[in-house]
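This report describes selected local features of one protein chain. The sequence and the structure are shown below.

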Amino acid sequence: MSQIETPEIVRKAATETAEPQYKRPPMYRVVMLNDDFTPMDFVIEVLVRFFHKSEQIANTLMLQIHNEGSARCGVFTRDIAETKMQQVETASRTSGHPLRCIIEIDSED
């Protein structure tokens, strides 16, 4: 009996592997919103605590929030952005403040 020969194209297809195509996950901005009740010192504290901003940068952001109505606090993957938003709002409610954040898709890729 003769042995059946496997065509070259079949052997090659079985052994070749494609390079994985990695795609960067979509990023989201966390935007802090102004209100007329949250103390400025508390906003600075939140920016330092949850967004790891220096006192100077936190002060600048707080003034931007106060004067312009909002400021971007950071850009993260969706899960992290949602967690940061929840941390800010939980800390705010616990302290009796109405401070809020929103997340937006970041188009600066």
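## Basis of the accessibility terms

A residue is called exposed when its relative accessible area is over 50%, and buried when that area is under 20%. The model discussed here is predicted.

## The loop residue H52

H52 is situated in the loop that runs between helix 2 (40-51) and helix 3 (55-68). Its relative accessible area is 65%; because this value lies over 50%, H52 is exposed. The backbone of H52 has a phi near 55 degrees, which is a positive value in a residue other than glycine.

## The nonpolar core

The largest nonpolar core comprises 22 residues, of which M32, V43, V46, L47, F51, V88 and L99 touch the most other members. At least two residues of this core are supplied by each of strand 1 (27-33), helix 2, helix 3, strand 2 (70-77) and helix 4. Helix 2 provides the largest share, with 7 residues. In soluble globular proteins, nonpolar side chains tend to be buried together.

For V43, the contacts beyond its neighbours within four places in sequence are M32, T38, M62, I65 and L99. Among these partners of V43, M32 and L99 are also listed with the core members that touch the most others.

## The buried residue S92

S92 belongs to helix 4 (residues 78-94). Its relative accessibility is 0%, so S92 counts as buried. With neighbours within four places in sequence set aside, S92 is in contact with F42, H97 and L99. L99 is likewise a contact of V43.

Key: Residues numbered from 1 in each chain as written. Predicted model: local features only at pLDDT ≥ 70, side-chain atom pairs only at ≥ 80, totals over all residues. Heavy atoms only, no water. Helix = DSSP H or I, 4+ residues; strand = E, 2+ residues; numbered from the N terminus. Buried < 20%, exposed > 50% of the residue type's maximum accessible area, 1.4 Å probe, protein only. Contact = heavy atoms within 4.5 Å. Core = buried A, V, L, I, M, F, W, Y, C linked by side-chain atoms within 4.5 Å.
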